[in-house]
Structure formats: C-alpha cells, structure tokens
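Subject: Structure for you to look at

Hello,

Here is the structure I promised. Please open it and keep it beside this note while you read.

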There are 2 protein chains.
Amino acid sequence: MKRAGIICVGDELTTGLILNGNGTFLARTLTDAGLSVLWIKTVGDEVDLIAGALDEAFSRVDLCVVSGGLGPTSDDKTIEAASCYFHSPLEMRSEVIRRLEARFRTLNRPMPACNRKQGLLPKNAVLLDNSLGTAPGLLIEKENRRFFFVPGVPAEMKAIVREEIIPRVASSAGFQSRMLLTFGVPESELYEKILDFEKQVPGIRLAFLPGPSGVRLRMYSARGSDIENETGLDAAEQWIRKMLGPAVYGSGEETLAGVAARLLTERRLTLSVAESCTGGLISHYLTDIPGSSSWFNRCVVAYSNEAKMELLNVSLNTLNSRGAVSAETAEAMALGVRESGGTDIGLSTTGIAGPGGGTPEKPVGLVWLGLSHVGGTLSTSRMVGGPTRRINKERFAMAALDVLRRFLLENSL
Amino acid sequence: MKRAGIICVGDELTTGLILNGNGTFLARTLTDAGLSVLWIKTVGDEVDLIAGALDEAFSRVDLCVVSGGLGPTSDDKTIEAASCYFHSPLEMRSEVIRRLEARFRTLNRPMPACNRKQGLLPKNAVLLDNSLGTAPGLLIEKENRRFFFVPGVPAEMKAIVREEIIPRVASSAGFQSRMLLTFGVPESELYEKILDFEKQVPGIRLAFLPGPSGVRLRMYSARGSDIENETGLDAAEQWIRKMLGPAVYGSGEETLAGVAARLLTERRLTLSVAESCTGGLISHYLTDIPGSSSWFNRCVVAYSNEAKMELLNVSLNTLNSRGAVSAETAEAMALGVRESGGTDIGLSTTGIAGPGGGTPEKPVGLVWLGLSHVGGTLSTSRMVGGPTRRINKERFAMAALDVLRRFLLENSL
C-alpha cells in the first residue's frame, strides 16, 4: 500500500481561525483511493516551514498533496517554497495568464497586476487542469515521489483532486469502504440493532459517525483483512439495510433533500413549503438541488402570526386556542401552503429554536411538522436537544425532510 | 516569542472520518496565549509515528501539546510512544486508579478491567488535573522543552488546556491580533488599495482570508516584532478603515446578517424578504439571529412565476416583457413583499444560480437585487462567478445582505 502525506498551508490554520476541512477531505479521499495516509502536516505561511514539510514528505512517503498558498497575494508562499526545495526556477506560463485574462473579461473587470504572479510557476511543474477556477494545480516529481499542489479554495481543490489527482494515484486494489446514511434512530439504538455485525460479516469493520444529518455508518475492510473486494461490502450493506429498514435513507454523498427530490421527481409530485422556526432552511436545502424549479413551487416563511393568517390561511382561532407551536397550526400551515401553491404536497414546520421563547409545556427544541396531500393532512412532533439555535434549526429542517421522504416512500408519517 | 507544536493522534483523523476540531482549538488557544504555533501534525494510532512526531517537536519547538490516544482501548498508543521516546518506564499510579474507581462508583457501574490501563503512566510524568473526566493530562519535560498530553475527548481536552496548561505557558505579553471583515471588493483589488500597509504600519502583518462572506483581513504582530500591544493594531485598523470605507462591515465574529440586524434594531425598522434564486437562504441567515422575530416579518420564496404574481403582486406584463430576472421584477418583488408584510423595508433577489437556465444576455451568475422603502424602490445587479449552484446562491445572498446593510448605513444602494 502506497504511503501518502498531506501538507496544509496557511496561518489561518496554525492560528486556529478556521477548521482544516481541506485536510479532512484529502485524508478521506486518498484513503478511499487505496493509499495509507501517514500524516497531515499543517504549517503557517513561511517558506522554510513549507520547504521543511516537503523534505519530510520526500523522506517518508510515496506521494504528497500540498493544499493552499497558491494565491496572488504576498502571504502565498507555497510556490516560492516549491521552487526553492526542488531547485526549479520560476517561469511565466503564458497559458495560465491567458486563462486568467479570459476569466476577468467574463467578469467584465480589469485584471489587477498582482494576479500575474499566478502565472509564475516552477519550470519542472506539470500543470493540472482546474475546471472551477483560474489557479492550476501542479505536479512535481522527484526521484519517484510525486508532489501535487492544489489551491486552498475548497471547491477548486476538490475538483482538481477528483479530476486530476485521483485518476493518477488510485491503486488498482484500492481500500474498500462504503458509507450508509441513516436518520431518525439515535446512535446507541442503532448500535443495539446491529450488534451482531462483526459476526455476520467477518472481515468488515463498522464505524458510527453521528452528525446533523443523522448517523453515518462507515463499513471498511479491517486492517490486514484479505477482503479487499466488493463482495464483503455488498453482504454488509445488505445485512444492515435488512436490519434497519427505512432508517437507511441513502449512501455515499446523498442527502435527505436529494433523496426527497428524487422521490418527488419519480412520482411526478410538486411541493410547497411553509416554515416558521426553520426560517427558510428547508427551502434553501431543496433549492440547492439543480432542477428543483420543476417540482418546487414556493415557500412561505411565516415568522409572524399575521403572515400565518394572511399567507397560509391559519385561523386566528387556531392560533389563539392551540398556539403557534401546535399540531393544529402545523396542519393548517401545510394545508394552506399546498392550496396556495396548487401543489400535490405541502410541508410545514412550527417550533421553538431558542434560546428564548420556551415554556414548561413547550420547551426550546420542540417542533411540530405538518404534511398535507390529496388524501389528507397529518402532523407529528419531535423534541431535539441541540446546544444552539442554529443547531436546533438544522435538526428541525432535517426532521421535516425525513418526514417528507418517509411519506413519499410509505404514504404515512 | 515561544514556538509551539501540536500533535493530534488518531486513525479517525488520518482517514478523514472527522474534522480535527481539537487541532483548531489548540492552535487558537495557544496563539491567543502568546505562542507561535509552527505546525500541527496529525498522525495515526502507531507508536513509531507518534514517537517520530515527538522527536520532531523536540528539535523544533519549546512546547508541544499532544491530543488523543490516552484512552483505555488497544488502539490508544500515545502513552506507549511517550514511554519509549522519553525512556521513561510505565508505573502504576494509585491516585489515578482511586479516582477511576470513585468515578465508576458514582455512576453505579463496575469498572471494566481495561480501565486499569489508564493508571499505567510514564514514571517522570507530572499529572494534570482533569476536572471533567478520569484520564489525567500529563506533563513531561526534557531539556527545557515541555510536552503536554491531553485526552482526545473535546470537553476534557479543553478543560485541561484551560485550567492546567494555559496558566503554565501563557506569555505575559500575549499575541495580539484583530480581524476586519470586508465585503464587495475582490481580494486582488483590496490588495492594491492597501498595498502600502506594511510601510504605513510597520511591525504589523496582514493576511487576506477570502471566503463566501467577503475577504477577512487579519492583522497581527509580525514574528519577532516588538509591537506586542494594542497601539499598533489600533493604528492599523484606523488606516485600513480609512482606505476601504464602507467595504469594512465589521470585525471579529460579526456577520453581514448580524450587522444588518443591528442596524435594523437601532433604527427600529422592520423587514420582509422575497427570494427567488436564493431559495430561502437570506431568510435562514436572518432568522439565525436570536430575537429576529422582533424585526423580521416574513419571507416569500417565489420560485414559480405564479408565486411571484399571487404572493408578490408582480404583473404578468413585467414578467413577460422584462423577464423574471430583471431590474423591474426585482423591484416589483421588493415592493410586493414590503406591502404584503406591512414592513418598513422589502428586500428581493432574482437571478440565475445555474447550472442550467443561463442565456448569453442573462448568464448563470447574474442576480438582480431589489430594495423597497418608504422613499422608493431601487435595484442593482451583480455578476458572481461561483463554481457551483450552492456557491452562487451563497454569494447572491451575501450580496443582498450587503445591499441591505449599505442602504441602512447610507440610505442608498
């Protein structure tokens, strides 16, 4: 198994200003491609620190990916460090400048002088195409070790890694792993339900990864195991899906909103949404999906009682007698937005995201979810214990998307 | 300024299963305590990798914090690595076992045999109190270098760092830094505008951190600089604010939505929002702010033309003659939602987030932003070049929040 190192460059990382999401993405992607990641080294924007990390990689690993420090400003030092370390002088690459100039023309802005710096690259570097931006990736080889350089902008970094680096480095007998996505069952309950996993599927290990979109289950070959093919993972996936049923909503990079969107499209159904406590977040997740305009009609964020009455036809009587956070209000909102949009389905949320507004009967973390369709209108409640308003909103939104998904699968909440 | 290194141990990190939040916390906390963090090294659960990182720390830094791998299970290797590297044999610490036994008594559970392993610690290690758990932190000194070991459980790690480590290492003249937040000016243009920075404010360095919320400018004392007090940063902030004017929207942890919310509250103004291409994201950002219900009335996500006509009173004539993505539609939406909500201000977006839907005249990335108030209704357009639909939505939303902010500041777009 080839050994890999990852170098992440940036003072914003060594001073703790931002999480190192790039390092985590690179570690997972290289691991999935069959490499053994020995270490991730994060260093500040200093030529000697970067060069030192390159030297460490040269003596320990077969392949190294360096992320960050390729930009046009004076604190971007990676190119200078690579030029020094590999004794490769900088030369102006006209193709890079042409791409930059074309980019600025499209944006209808003059190109600032400092951007020309991005065309100055080590002579012996091979350029890697960046389908999403102007800064190319680089490949420099030295005595059979390969060093890849990618920008720190996450979307561009990911595109270069997926399109240019992984095809060059993926091992033929790659490390096998698979991710199953679950929602609605707490980690400890999942654990009890699939306690027998290692007996049922020897050679495959299981990791539980709880997060805002439910618990992800990662299945992978145990270290030293001979099972390096798909058969063991197929058996494992089949067994887990049997044990957990519809709690498994997808695999890999799927999302709850994406699965709901696929079901809506397959069933040729349209959707409108009425949100109170989630404040537009459900609508945001749904409209992230390309082509959502074919099944998504409208969303009403009805924060005030007046908005609930005027835009969603919730009655003053319901609001007064049951309260804004109640089964009756959730159902009236779902029905109201379905009728307003003339869609097949209406989905609604009303709850208390906090930090204020809770009472003993209706505490922070309580949400009512409504769903209206041609056969009737239903509601269900959830209690989530998020530490912040932001996290409660996210859990409410995910719960609502899961209600929609389960309804589309099973015609019930 | 003392140099620090951070070592994070765990296969879950080098295989990319989880974000390294501990590394980021340690980097920020040590930086704030006046140390210069040279690197963060993340290694898997292997004795030789951990020992190698300890050796690197010994030769390069004054102080090192090692997080993770102190637990009771067989994949916890940090203690073994420390014992080897420092030639310090393990010995059973009865005080640790007594604390463990007391803990399990409190929980009313028998102590599993494997927990006894946590009492076996290097002979020359000083124990650091863990106020939240059973595994103590450790301090091992070697030739004036200090090595701190903390558990990987975030809450326990943070408690030991705050209570036991920082008081031992904080420099009396702490590291000074400050963050200014800008929006609406690209990184390279900002750079040109404040090119003279290092001449104007010697001893202070500047880092450019571009992101979806604009470019953040971090000012900090240069390494080895004598300026370790607030004076230099005050001068730097003043100079940058003078050069950039209202492009600076805030500092520190502020957000565009938060600044707009503060201005609305100060001026006792209320807001309604009409979104098309941003799909609810503006409303989501605004409702993240606790207490937003006092100034936020409603949002209408009008994805379909019918929704724009029915809920926002946009005329069929405007939609047919100018198109859904136009100054006229943006203004009609802003006015429509302001009248519907009965609020002081209406804010709107209509644009093309992609990947489909673009034309030569109205390409993907074009957005029209409308703002309606008692004095009239205005609109302005932006062209953003995000690589994905998701990122275009975010840039559109931020541009709209900035339009709102600038209007509240200056009464113009």
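Does B:Asp402 count as buried or exposed? B:Asp402 counts as buried, at 4% relative accessibility. Buried means under 20% relative accessible area, exposed means over 50%, and partly exposed lies in between (1.4 Å probe, protein chains only).

Some ground rules. This is a predicted model, where local features need pLDDT of at least 70, side-chain atom pairs count only at pLDDT 80 or more, and totals for chains, interfaces and linings use all residues. Residues are numbered from 1 along each chain as its sequence is written, chains are lettered from A and ligands numbered from 1 in the order in which they are written, and side-chain values use heavy atoms, with hydrogens and water left out.

**Salt bridges**

Side chains of opposite charge can pair when their charged atoms come close. Here a salt bridge is a side-chain nitrogen of Lys or Arg within 4 Å of a carboxyl oxygen of Asp or Glu. Over all chains, the structure holds 44 of them.

B:Asp402 forms one with B:Arg406, with the closest N and O atoms 3.0 Å apart. These two residues are four apart in helix α15 (residues 389-410) of chain B, so about one helical turn separates them. Helices (H or I, at least four residues) and strands (E, at least two) are DSSP runs, numbered from the N terminus.

B:Glu237 forms a salt bridge with B:Arg178, at 2.9 Å between the closest N and O atoms. This pair links distant parts of the chain, 59 residues apart: B:Glu237 is in helix α9 of chain B and B:Arg178 in strand β9 of chain B. B:Glu237 is buried, at 15%. B:Arg178 is buried too, at 18%.

B:Glu91 forms a salt bridge with B:Arg93, at 3.4 Å between the closest N and O atoms. B:Glu91 is partly exposed, at 29%. B:Arg93 is buried, at 9%.

One network of salt bridges links A:Lys41, A:Glu56, B:Lys41 and B:Glu56.

**Helix α9 of chain A**

This helix covers residues 230-244. Its 15 residues should span 21 Å at 1.5 Å a residue, and the end C-alpha atoms are 21 Å apart, which agrees. The expected span is 1.5 Å times one less than the number of residues.

Which residues of α9(A) are buried? They are A:Gly232, A:Leu233, A:Ala236, A:Glu237, A:Trp239, A:Ile240 and A:Leu244. The face turned away carries the exposed residues A:Thr231, A:Gln238 and A:Lys242. The buried residues pack against several elements of chain A, including β10 (204-211) and β11 (214-221); contact means heavy atoms within 4.5 Å. A:Gly245 follows the helix, with a positive phi near 60°.

**The sheet across both chains**

An open sheet of 10 strands has mixed pairing and the order β17(A)-β16(A)-β15(A)-β13(A)-β14(A)-β14(B)-β13(B)-β15(B)-β16(B)-β17(B). Two strands pair if DSSP finds at least two bridges between them. The edge strands are β17 of chain A and β17 of chain B, each pairing on one side only.

Strand β14 of chain A pairs with β14 of chain B in the antiparallel sense, over five bridges. There, A:Val300 stands opposite B:Val300.

Best wishes
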